[in-house]
Amino acid sequence: MQILATLFDLAKKAERIRTLEEQSFSPDFWNDGRAAQKVMQEATRLKKERDDFVRLSARVDDAAGLIELAEMDETLGDQVQKELDALESDLTAQE
């Protein structure tokens, strides 16, 4: 998962989210509504990307568990393949 975290630049995104949130706490932040809106939109986009990664990470963990079960029960092979295909598709969409 560390490779995926690096791929998604999670550390950079987390730092940028913190920076944007700090800006939004400034007393004069809302004086320029257009600029404030851009800041908030960027923060929302970055949070969505972060949350998408967390969900994808959980699905990878679940797939790993399913693979372990499939090693004991060959009837799960099709289900494992479907999940791996879906994960690959979702990962590609995130890039």
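This briefing walks through model confidence, salt bridges and an aromatic pair in the structure above. The model is predicted, so local features need pLDDT of at least 70 and side-chain atom pairs count only at pLDDT 80 or more, while totals for chains, interfaces and linings use all residues. Residues are numbered from 1 along each chain as its sequence is written, and side-chain values use heavy atoms, with hydrogens and water left out.

**Confidence**

- The protein chain has a mean pLDDT of 89, with 91% of its residues at 70 or more; pLDDT is the predictor's confidence in each residue, from 0 to 100.
- Confidence is lowest in helix 1 (residues 2-7), at a mean of 56, and highest in helix 2 (residues 10-24), at 94.
- Helices here are DSSP runs (H or I, at least four residues), numbered from the N terminus.
- A friendly caution: where pLDDT is low, the predicted coordinates should not be read in detail.

**Salt bridges**

- The count comes to 10 salt bridges, each being a side-chain nitrogen of Lys or Arg within 4 Å of a carboxyl oxygen of Asp or Glu.
- Within helix 2, Glu15 and Arg18 are 3 residues apart, which means about one helical turn separates them. Their closest N and O atoms are 3.0 Å apart in a salt bridge.
- Glu15 is partly exposed at 42% relative accessibility, and Arg18 is also partly exposed, with a relative accessible area of 42%. For these labels, buried means under 20% relative accessible area, exposed over 50%, and partly exposed in between (1.4 Å probe, protein chains only).
- Arg50 pairs with Asp51 in another salt bridge, with 3.1 Å between the closest N and O atoms. Arg50 is partly exposed at 32%, and Asp51 is partly exposed at 31%.
- Arg59 forms a salt bridge with Glu83, where the closest N and O atoms are 3.3 Å apart. This pair links distant parts of the chain: Arg59 sits in helix 3 (residues 33-72) and Glu83 in helix 4 (residues 77-94), 24 residues apart.
- Arg59 is partly exposed at 26% relative accessibility, as is Glu83 at 23%.

**Aromatic pair**

- There is 1 aromatic pair by the rule used: rings of Phe, Tyr and Trp (its six-membered ring) pair if their centres lie within 6.5 Å, and planes under 30 degrees apart count as stacked, over 60 as edge-to-face and the rest as tilted.
- Phe29 and Trp30 make up this edge-to-face pair, at 4.8 Å centre to centre and 85 degrees between the planes.
- Phe29 is buried, with a relative accessible area of 10%, whereas Trp30 is exposed at 55%.

Conventions. Helix = DSSP H or I, 4+ residues; strand = E, 2+ residues; numbered from the N terminus.
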